[in-house]
Amino acid sequence: MPVATRAELLNPADFAAAIADPGRVTINVHTPNEGQLPGTDSSLPFDQIQQQVAALPPDRTTPLAIYCRTGTMSATAAKELAALGYTDVVELQGGMLAWRNTGRTIEE
């Protein structure tokens, strides 16, 4: 099975469509907490992915969607998830700031 080398970057509209899939696990990797997108399944600090692997789905083919405030922390998290063998990861390009700039809401 191919291993992802990075997450697929999605603009806010495409990311919204991706996270609407009930089979995709949506994770806020931003720290400290500055809100979250509606429908977020969990929060996992970008710099603790390796240490908290037990909080992630055990099936490495589980579709994941990750985001942070600007995209910097999610880029780091994407590399960690790829190193752990996750093969279907999408990342919100521009983070919550881009999401909000398109008129979408953030839960505080």
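## Helix 2 and its surroundings

Helix 2, residues 72-83, is built from 12 residues and spans 17 Å from its first C-alpha to its last, close to the 16 Å expected at 1.5 Å a residue. Please keep in mind that this is a predicted model.

- The buried residues of helix 2 are Met 73, Ser 74, Ala 77, Ala 78, Leu 81 and Ala 82.
- Strand 4 (64-67) and strand 5 (89-92) are among the elements that cover those buried residues of helix 2.
- Helix 2 lies across strand 4 and strand 5, and its direction makes an angle of about 150 degrees with strand 4.
- Just after helix 2 comes Gly 85, which takes a positive phi of about 100 degrees.

- The open sheet is formed by 5 strands in the order 1-5-4-2-3, with parallel pairing.
- Strand 1 (8-10) and strand 3 (42-43) stand at the edges with a single partner strand each, so one side of each has no neighbour in the sheet.
- Strand 2 (residues 25-28) runs parallel to strand 4, and 4 bridges join them.
- Within this pairing, Thr 26 stands opposite Ala 65 in strand 4, and Ile 27 stands opposite Ile 66 in strand 4.
- Strand 4 also runs parallel to strand 5, joined to strand 5 by 3 bridges.
- On that side, Ile 66 stands opposite Glu 91 in strand 5.
- In a regular strand, side chains alternate between the two faces of the sheet.
- Strand 4 is covered on both faces: Leu 64 and Ile 66 are buried on one side, and Ala 65 and Tyr 67 are buried on the other.

## Helix 1

- Helix 1 (residues 12-19) lies across strand 1, strand 2, strand 4 and strand 5, and runs at about 135 degrees to strand 5.
- At the start of helix 1, a side-chain oxygen of Asn 11 comes to within 3.1 Å of the backbone nitrogen of Ala 13.
- Pro 12, Phe 15, Ala 18 and Ile 19 are buried in helix 1.
- Viewed down the axis of helix 1, these buried residues fall within an arc of 120 degrees, so they line one face of the helix.
- Their packing partners are strand 1, strand 2, strand 4, strand 5 and helix 3 (95-101).

## Thr 26, inside strand 2

- Thr 26 is found in strand 2.
- With a relative accessible area of 1%, Thr 26 is buried, because the cut-off for buried is under 20%.
- Leaving out residues up to four places away in sequence, Thr 26 touches Ile 19, Gly 39, Thr 40, Asp 41, Ser 42, Ala 65 and Tyr 67.

## The loop between strand 2 and strand 3

- Val 29 sits in the loop between strand 2 and strand 3, and counts as buried at 1% relative accessibility.
- Beyond its neighbours within four places in sequence, Val 29 is in contact with Leu 44, Pro 45, Phe 46, Ile 49, Ile 66, Tyr 67, Cys 68, Met 73, Ser 74 and Ala 77.
- The C-alpha atoms of Val 29 and Thr 76 are 9.4 Å apart, although 47 residues separate them along the chain.
- Pro 32 is in the loop between strand 2 and strand 3 too, and the peptide bond from Thr 31 to Pro 32 is cis, with omega near 0 degrees.

## Glu 107, after helix 3

- Glu 107 is placed in the segment after helix 3.
- At 36% relative accessibility, Glu 107 counts as partly exposed.
- Setting aside neighbours within four places in sequence, Glu 107 is in contact with Gly 35, Gln 36, Leu 37, Pro 38 and Gly 39.
- Between the C-alpha atoms of Glu 107 and Ala 7, 100 residues apart along the chain, the separation is 24 Å.

Conventions:
Residues numbered from 1 in each chain as written. Predicted model: local features only at pLDDT ≥ 70, side-chain atom pairs only at ≥ 80, totals over all residues. Heavy atoms only, no water. Helix = DSSP H or I, 4+ residues; strand = E, 2+ residues; numbered from the N terminus. Expected span 1.5 Å × (residues − 1). Buried < 20%, exposed > 50% of the residue type's maximum accessible area, 1.4 Å probe, protein only. Contact = heavy atoms within 4.5 Å. Pairing = 2+ DSSP bridges. Axes fitted to C-alpha atoms, helices over the stretch in contact; angles between N-to-C directions. Arc of directions from axis to C-beta. Polar contact = N/O pair within 3.5 Å; in protein donor to acceptor, adjacent residues only side chain to side chain.
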